[in-house]
Amino acid sequence: MEERRFCRKCLTKEMPDSAYYENMYDYIARLDENIKASEEVYQTRLSACKQCDSLLNGMCRVCGCFVELRAAITRNQCPAVSPKW
């Protein structure tokens, strides 16, 4: 049996079998524009998350969230002791 390996520094949309996470992306797409981060802010946040040692399989090891969800909402911030964004 072949063991499947996942990139530990990937976002969920970059992982194999990402269909499982389509619901998350539907949720993000339907967020009210009043609370949703702009695409530029969202991508900047995700870039910072991808460089962080606390990212593991699309989740933040500091708080346990899916980083794509946390980054999508304007009022959210990085949960690290020294926030990255």
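Colleague: Which residues on the other side of α2 are exposed?

Modeller: This is a predicted model. Helix α2 covers residues 39–51, and one of its sides carries exposed residues. On that side the exposed residues are Glu 40, Thr 44 and Gln 51.

Colleague: Which residues of α2 are buried, and within what arc do they fall?

Modeller: The buried residues of α2 are Tyr 42, Arg 45, Leu 46 and Cys 49. Seen down the helix axis, these buried residues line one face of α2, because their directions fall within an arc of 100 degrees.

Colleague: Against which elements do the buried residues of α2 pack?

Modeller: Packing here rests on contacts, that is, heavy atoms within 4.5 Å. By that criterion, the buried residues of α2 pack against α1, β1 (55–56) and α3.

Colleague: What distance does α2 reach from its first C-alpha to its last?

Modeller: Helix α2 has 13 residues. At 1.5 Å a residue, a span of 18 Å is expected. The model comes close to this, with a reach of 19 Å.

Colleague: How far from Arg 45 is the nearest side chain of opposite charge?

Modeller: Arg 45 lies in helix α2 and is buried, yet it has no salt bridge. A salt bridge would require a side-chain nitrogen of Arg within 4 Å of a carboxyl oxygen of Asp or Glu.

Colleague: With which residues is Arg 45 in contact, leaving aside its neighbours within four places in sequence?

Modeller: Arg 45 is one of the buried residues of α2. With neighbours within four places in sequence left aside, its contacts are Ala 37, Arg 70, Ala 71, Ile 73, Thr 74, Asn 76 and Trp 85.

Colleague: Why does Lys 9 count as partly exposed?

Modeller: Lys 9 is located in the segment before α1 (22–29). Its contacts, apart from neighbours within four places in sequence, include Lys 50 and Leu 55. Partly exposed residues lie between the buried limit of under 20% and the exposed limit of over 50%. Lys 9 counts as partly exposed because its relative accessibility is 30%.

Colleague: Which residues does Cys 63 touch, not counting residues up to four places away in sequence?

Modeller: Cys 63 sits in the loop between β2 (59–60) and α3 (67–72) and is partly exposed, with a relative accessible area of 35%. Although Cys 63 and Pro 79 are 16 residues apart in sequence, their C-alpha atoms are 6.5 Å apart in space. Not counting residues up to four places away, Cys 63 touches Arg 70 and Pro 79.

Methods. Residues numbered from 1 in each chain as written. Predicted model: local features only at pLDDT ≥ 70, side-chain atom pairs only at ≥ 80, totals over all residues. Heavy atoms only, no water. Helix = DSSP H or I, 4+ residues; strand = E, 2+ residues; numbered from the N terminus. Buried < 20%, exposed > 50% of the residue type's maximum accessible area, 1.4 Å probe, protein only. Lys, Arg positive; Asp, Glu negative; His and termini not counted. Expected span 1.5 Å × (residues − 1). Arc of directions from axis to C-beta.
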